[in-house]
Amino acid sequence: MTSVRETSATPPPSAPAPRGPKCNGPGCGKPIVHIPGKRPKVYCSPACKMRAKRAIERASETTTNGAGQSRPEPKSNAGFSSKGKSPSTAGQSAAAEAAKPTGGQPKTDPRDERFARRDRHQTVSLNEAFKGCGTRLTAGTAEVMWKPGEATIGNTCRCNNVHTCPWCMSRILAVRGSNVQLAADGLADAGYGLHLGTNTLRHFERMAFGTVRKGMRHGLVAVLHDGWKGAYGSSGRRWRTMRDDFGIIGYERAFEDTFGWGSGWHLHWHTLWVTREVLTPDAQAAFRDALAGAWAAGVESAGGYTVSETCDRPECSCKGKGHGTDLRPLNGMDAAEGDAGKQARYLYKDGDKTKGGVAKIGLELAGQNFKAGRGDDRMGPLDLGDAAAAELQRLGRPGPFVEKYREREFGVFQVRKHYRSQNLNRLIKELGIQQDVRTEEEITDDTEGLVAIAVIPAYIWYRYIARIAGRRLDLIKVAEAYGLPGVRRLVESWGLVWGKDVLDPPAPEAPAAPGDLDADQMKFEVMSEEEATFRTARRKANEARTEELAASLDRVRQPKQEATRPTISLRKPLKPKPVTTEPKTPPPGAASTTCRRCKGKLAPVLQPWGQHPGDCLRVDTEAA
């Protein structure tokens with residue numbers, strides 16, 4: 001929450017100093033106004049906040065290095081490695097050494113930064129799939145894959161997690177961002193209306209992130225999903241009316257979350273709405289109001305707090321309509337030319353909010369001042385992971401940042417980072433707009449087109465490479481720069497023996513001729529006539545055993561049926577023969593109403609036989 005600066009002029013020096021809160025920025029001291037119910041503001045503007053932050057950093061550096069001393073420069077030892085540094089020795093990492101700052105900004109390779117970030121976040125994570133990304137082997141060996149200017153480690157796992165893994169996230173979201181930009185450009189050229197919307201929840205620090213797992217559904221993430229379903233679900237009457245009134249074809253939705261200690265978890269949707277035609281300003285305003293009303297009703301029915309529908313901030317961009325729902329045209333009369341493809345990339349921003357990688361691309365292409373109102377104290381998923389890893393390393397035990405990171409890691413399970421409605425996907429296919437249809441596994445697979453130049457057994461991989469920080473990255477960078485000779489020299493510097501601990505790749509097999517058969521095909525090709533006859537007979541015998549078992553069960557269930565005695569032969573087909581039984585008849589003249597032996601009364605069934613069955617020892621009381 002933010003507050004506004006007082007618009008009145010600064011009082012003259014002769015006037016008494018105004019009472020109330022003032023800006024804590026260095027050399028500022030301007031009075032600030034606190035809005036009732038809002039979080040108190042410390043600085044009058046983001047510029048003062050950044051000046052104060054830089055002053056604190058300078059003071060900490062002076063305290064650490066001593067007065068009048070500067071930070072020592074890292075050593076440079078030009079030599080072997082691909083970045084101009086010597087290869088790491090046992091237990092050390094050349095990739096972990098920081099490059100010398102140039103012009104106040106460190107020179108870091110984005111690939112190296114993502115690699116190091118993944119290693120740091122894996123120390124905090126409880127997700128076994130993410131902890132094994134890039135480390136756990138899928139086969140008995142690891143392979144160093146190479147082609148000119150590119151290298152990677154083959155036979156290693158990829159978690160394909162777009163919520164927590166910096167490595168997989170950057171690759172997958174880059175492809176999806178390209179897809180949505182191509183789709184937005186194509187739809188705009190075809191005359192369809194594009195609108196970029198945002199749906200947020202009212203949130204406080206005490207609220208839990210929650211989860212959407214079956215049987216455990218709770219928290220903000222559950223309200224966010226249930227609110228969307230209640231507001232824009234295809235079966236709702238409100239949605240059908242809104243779809244017909246504004247000609248909505250479909251949407252493309254992205255999930256985003258940030259965290260700040262002052263206000264807690266901030267979960268929201270970014271949506272690219274597509275309409276049949278470009279809306280006029282009046283229709284655009286009506287469309288925004290309809291989306292806002294549906295979202296407010298859906299969130300309230302899902303059990304969430306009432307979303308922001310009014311705003312009392314002077315000159316706020318929402319124009320008094322609140323911040324629960326925002327909608328901006330991308331190709332209408334109010335949109336800047338060329339914003340359709342640019343702001344579509346905003347759906348896929350993530351991670352660091354101030355620098356590097358996908359986040360920097362997303363923020364640069366989000367449009368002018370689109371992030372106005374967001375506090376600098378908020379952290380994205382990757383920022384939170386960095387803070388949690390640093391805290392765990394400093395304290396040696398989980399702290400508040402680690403708990404928040406693991407709470408989010410548990411909560412984003414089964415949350416779809418990106419979703420495109422079926423109608424919109426069908427329209428994109430009909431228009432012939434080019435899209436990258438690769439799966440997440442295919443996107444993160446970086447071994448295509450590369451050949452193996454070294455094979456590392458599993459026990460060597462885990463003991464000497466995977467569990468020593470920086471060695472995997474060193475191996476990749478040296479392979480990129482120097483190929484097989486560099487890899488061999490590097491592993492020997494670690495104390496490993498080439499040919500024993502690290503092996504040469506197997507020689508590639510010669511391609512088969514068009515008419516050649518492999519071993520399995522040859523085995524069936526040379527099958528003799530006797531073997532074919534035997535297999536046929538064995539198949540028939542197996543079928544006969546099945547029929548015999550079914551007949552045995554039938555005889556147990558229905559014993560009065562005619563009994564059959566099946567015979568099994570490997571040479572002759574099965575021909576069951578019926579087994580007949582001779583019926584028993586009573587002897588002539590034996591019929592009597594009383595038993596000949598005990599003189600007892602007989603039942604009607606026994607009267608033709610004239611006696612009780614078995615040994616008759618009882619005496620009929622009536623006859624006596």
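The structure is a predicted model, in which local features need pLDDT of at least 70 and side-chain atom pairs count only at pLDDT 80 or more, while totals for chains, interfaces and linings use all residues. Residues are numbered from 1 along each chain as its sequence is written, and side-chain values use heavy atoms, with hydrogens and water left out.

## Overall composition

The secondary structure of the protein chain consists of 17 helices and 10 strands. These elements are DSSP runs numbered from the N terminus (helices: H or I, at least four residues; strands: E, at least two). Of the 624 residues in the chain, 38% are buried. Here, buried means under 20% relative accessible area, exposed means over 50%, and partly exposed lies in between (1.4 Å probe, protein chains only).

The accessible surface of the chain comes to about 36700 Å², and carbon and sulfur atoms hold 52% of that area. Accessible areas come from the Shrake-Rupley method with a 1.4 Å probe; for residues, only the protein chains shown count as cover. Among contacts (heavy atoms within 4.5 Å) with a separation of 6 or more, 64% are between residues 24 or more positions apart.

## Salt bridges

The chain has 21 salt bridges, each defined as a side-chain nitrogen of Lys or Arg within 4 Å of a carboxyl oxygen of Asp or Glu. Three of them are listed below.

| Salt bridge | N to O distance |
|---|---|
| Glu-480 and Arg-111 | 2.9 Å |
| Arg-472 and Asp-119 | 2.4 Å |
| Glu-252 and Arg-420 | 3.1 Å |

The side chains of Glu-480 and Arg-111 meet in a salt bridge. Glu-480 is partly exposed at 24% relative accessibility, whereas Arg-111 is buried at 14%.

A salt bridge also joins Arg-472 to Asp-119. Arg-472 belongs to helix α15 and Asp-119 to helix α2, so this pair ties together parts that are 353 residues apart in sequence. The relative accessibility of Arg-472 is 6%, and this residue counts as buried.

The side chains of Glu-252 and Arg-420 form another salt bridge. Glu-252 lies in strand β4 and Arg-420 in strand β7 (residues 418–420), so the pair ties together parts that are 168 residues apart in sequence. Both Glu-252 and Arg-420 are buried. Elsewhere, salt bridges with shared partners connect Arg-111, Asp-112, Lys-477 and Glu-480 into one network.

## Surroundings of Asn-179

Arg-420 also takes part in the surroundings of Asn-179, which touches Arg-420, Gln-435 and Asp-436 when residues up to four places away in sequence are not counted. Asn-179 lies in helix α4 (residues 166–189) and is buried, with a relative accessible area of 11%. A polar atom of the Asn-179 side chain lies 2.8 Å from the backbone nitrogen of Asp-436.

## Helix α6

Helix α6 spans residues 237–246, and its buried residues are Trp-239, Met-242 and Phe-246. These residues cover an arc of only 65 degrees around the axis, which puts them on the same side of α6; the arc is that of the directions from the helix axis to the C-beta atoms. An α-helix has 3.6 residues a turn, so residues three or four places apart point the same way.

The buried residues of α6 pack against α5 (219–232), β4 (248–260), β5 (264–275) and α7 (281–301). On the face turned away from the buried side, α6 carries the exposed residues Arg-237, Asp-244 and Asp-245. Just after α6, Gly-247 adopts a positive phi of about 65 degrees.

## Other local features

Positive phi values also occur in residues other than glycine. Asn-155 has phi near 65 degrees and is placed in the loop between β2 (150–154) and α4. Its relative accessible area is 27%, and Asn-155 is partly exposed. Gln-414 has phi near 70 degrees and is placed in the loop between α11 (400–411) and β7. At 52% relative accessibility, Gln-414 is exposed.

Pro-46 is found in helix α1 (residues 46–65) and is exposed at 54% relative accessibility. The C-alpha atoms of Pro-46 and Gly-25 are 9.8 Å apart in space, and the two residues are 21 residues apart in sequence.

Technical notes
Polar contact = N/O pair within 3.5 Å; in protein donor to acceptor, adjacent residues only side chain to side chain.
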